[in-house]
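Here is a walk through one protein model and its ligand. Keep the sequence and the 3D view open as you read.

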Amino acid sequence: MIARTLFSPEHEQFRDAFRRFLDKHAAPHHAHWEAQGHVARELWTQAGRDGFLCMTLPESLGGAGADLLYSVVQMEEVARAGFTGIGFGLHSEIVAPYIAHYGTPAQQARYLPRLASGEMVGAIAMTEPAAGSDLQGIRTTATRQGEGYVINGSKIFITNGWHADLVIVVAKTDPARGAKGVSLFLVERGMPGFTRGQPLHKLGMKAQDTAELFFQDVQVGAGQLLGGPAQEHRGFAMLMEQLPWERLQIAITAVAAAEAALQWTVDHVQQRQAFGQAIAQFQNTRFKLAELQTQVQVARVFVDRCTELMQARQLDTATASMAKYWTTDLQCQVMDECVQLFGGYGYMWEYPITRAYADARVQRIYGGTNEIMKEVISRSMGLGGR
Ligand SMILES: Cc1cc2nc3c(=O)[nH]c(=O)nc-3n(C[C@H](O)[C@H](O)[C@H](O)COP(=O)(O)OP(=O)(O)OC[C@H]3O[C@@H](n4cnc5c(N)ncnc54)[C@H](O)[C@@H]3O)c2cc1C
């Protein structure tokens with residue numbers, strides 16, 4: 001196996017500490033969280049107390065000033081353990097960075113320390129019932145009224161949506177201008193007219209709260225426009241700028257989940273007997289696992305290299321899209337083959353491989369579907385298209 005060179009001994013120490021956190025605060029409860037459709041709110045406060053949220057923010061804003069790899073370690077460990085209910089990645093490495101990169105000093109001071117402490121849970125709301133891949137088709141509007149705006153519309157499939165105290169809402173501020181008329185707004189829990197549905201009932205990732213959000217005449221001050229007046233209508237550009245990191249995060253979790261599934265399966269086929277021998281003795285089992293191991297190793301090297309590029313701020317959108325599409329396709333293939341090798345047990349919910357199979361499917365859908373990834377990649381090859 002090719003040794004990984006990404007992490008320092010400090011990162012590995014941190015990995016141990018985060019594993020202990022998950023063992024103590026997630027493992028005993030995850031099955032219950034699946035049943036109720038969301039993790040306990042207390043998990044967020046505990047994670048904030050223990051310094052596991054928004055670690056890459058500067059210390060002055062409540063973070064630890066840590067490098068990106070500390071977040072990568074967290075994503076890998078959550079994926080490996082199959083604790084897909086935990087939405088720390090989206091909160092710490094998608095929502096907080098928008099505010100850190102584009103927020104006004106007042107917005108940064110108001111929200112970032114609260115996100116880092118777990119006092120606030122963050123979400124980002126782009127998708128609508130009538131517009132997912134085609135983001136330019138969103139209908140939510142933010143209409144100027146006096147100094148502020150009035151937001152109307154609804155969002156669907158929003159991760160952390162049910163727990164969220166702060167939602168970055170994508171809305172049209174100038175519907176006639178298409179992508180150049182979109183802005184991002186900071187909407188807080190409790191603002192009159194902002195409501196949410198119950199957590200949605202999903203195929204997998206059952207402990208992750210995914211909700212519908214509704215905005216009816218929600219009045220927000222000018223201070224809720226992310227980045228202030230200079231960023232009005234720049235929402236689409238901001239979304240595009242953040243895409244490589246968001247897509248790479250999905251790839252990171254895909255490879256970590258696939259590695260874990262392979263290990264569970266290797267253990268299982270060595271113990272399980274059929275026809276007087278371990279399942280592992282059948283050539284089909286060994287060849288199948290050898291093929292999967294090879295592909296996951298290839299994915300691992302590619303994703304680690306993308307992570308290095310991300311650290312150097314050199315990861316382009318097309319390469320990140322390759323990572324997202326290829327690793328999540330692979331993740332689903334790995335889960336499917338591993339379930340097969342588990343036989344009937346692979347279809348039983350109490351087996352981690354069964355959950356991992358169900359959890360994997362959405363990875364090809366969210367963060368931009370894999371078909372959209374191929375659009376992006378082909379465009380980078382000069383092949384036109386949409
Ligand atoms: C569990 C979960 C969590 C999510 N979390 C969030 C979140 O936190 N925030 C958020 O904003 N959204 C979130 N989403 C939404 C997700 O990003 C969208 O579901 C996704 O972008 C696809 O949009 P859609 O569902 O409208 O599908 P559609 O856009 O209707 O696509 C349907 C099919 O058509 C294909 N298609 C569409 N356009 C093209 C094209 N140009 N070429 C080829 N094929 C195409 C798609 O690939 C797909 O196969 C989440 C979704 C899920 C299921």
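Start at G103. Setting aside residues within four places in sequence, G103 is in contact with Y98, Q108, L226 and G227. Contact here means heavy atoms within 4.5 Å. G103 sits in the loop between α5 and α6. Helices (H or I, at least four residues) and strands (E, at least two) are DSSP runs, numbered from the N terminus. G103 has a relative accessible area of 12%, so this residue is buried. Buried means under 20% relative accessible area, exposed over 50%, and partly exposed in between, with a 1.4 Å probe and protein chains only. The C-alpha atoms of G103 and Q224 are 9.6 Å apart, although 121 residues separate the two in sequence.

A word on the basis of all this. The model is predicted: local features need pLDDT of at least 70, side-chain atom pairs count only at pLDDT 80 or more, and totals for chains, interfaces and linings use all residues. Residues are numbered from 1 along each chain as its sequence is written, and side-chain values use heavy atoms, with hydrogens and water left out.

The largest nonpolar core has 93 residues. Such a core is a set of buried Ala, Val, Leu, Ile, Met, Phe, Trp, Tyr and Cys residues joined through side-chain atoms within 4.5 Å. F88, Y98, I99, L115, L248 and V334 touch the most other members. Helix α7 (residues 235–271) gives the largest share of this core, 14 residues. Another core lies apart from it, with 19 residues, among them V167, V187, F215 and V218.

Neighbours within four places aside, F88 is in contact with F18, F21, L43, W44, A47, L53, Q74 and E93. Three of those names, L43, W44 and A47, return in helix α3 (residues 41–49), where the buried residues are L43, W44, Q46, A47 and G48. An α-helix has 3.6 residues a turn, so residues three or four places apart point the same way. The buried residues of α3 pack against α1 (9–25), α2 (30–36), α5 and α6 (105–117). After α3 comes G51, with a positive phi near 80°.

Next is H91, in helix α5 (residues 88–102). Is H91 buried or exposed? H91 counts as buried because its relative accessibility is 0%. Beyond its neighbours within four places in sequence, H91 is in contact with W44, L53, C54, A96, L115, M120, V121, G122 and N160.

R300 lies in helix α8 (residues 283–311). R300 is buried because its relative accessible area is 3%. Not counting residues up to four places away, R300 touches R4, E76, R80, V255, A256 and E259.

Turn to the ligand. Which residues come nearest? Of the 19 residues around the ligand, T127, S133, F157, T369 and E371 do. A residue counts as near if one of its heavy atoms lies within 4 Å. By class, the shell has 10 nonpolar, 6 polar and 3 charged residues. β1 (122–125), β3 (148–159) and α11 (370–380) each supply at least two shell residues. β3 gives the largest share, 3 residues.

Look at the N and O atoms here. A backbone N or O atom of I124 lies 2.9 Å from a ligand nitrogen. An N or O atom in the side chain of T159 is 2.8 Å from a nitrogen atom of the ligand. For E371, a side-chain N or O atom is 2.6 Å from a ligand oxygen. Taken alone, the ligand exposes 970 Å², and the protein buries 67% of that. These areas come from the Shrake-Rupley method with a 1.4 Å probe.

Finish with two backbone details. M205 is not a glycine, yet its phi is positive, near 45°. M205 lies in the loop between β6 (194–196) and β7 (210–220). With a relative accessible area of 8%, M205 is buried. H233, also not a glycine, has a positive phi of about 75°. H233 lies in the loop between β7 and α7. H233 is partly exposed, with a relative accessible area of 21%.

How values were computed:
A polar contact is a pair of N or O atoms within 3.5 Å; within protein, one must be able to donate a hydrogen and the other to accept it, and residues adjacent in sequence count only if both atoms are side-chain atoms. Ala, Val, Leu, Ile, Met, Phe, Trp, Tyr, Cys and Pro count as nonpolar, Asp, Glu, Lys and Arg as charged, and the others, Gly among them, as polar.
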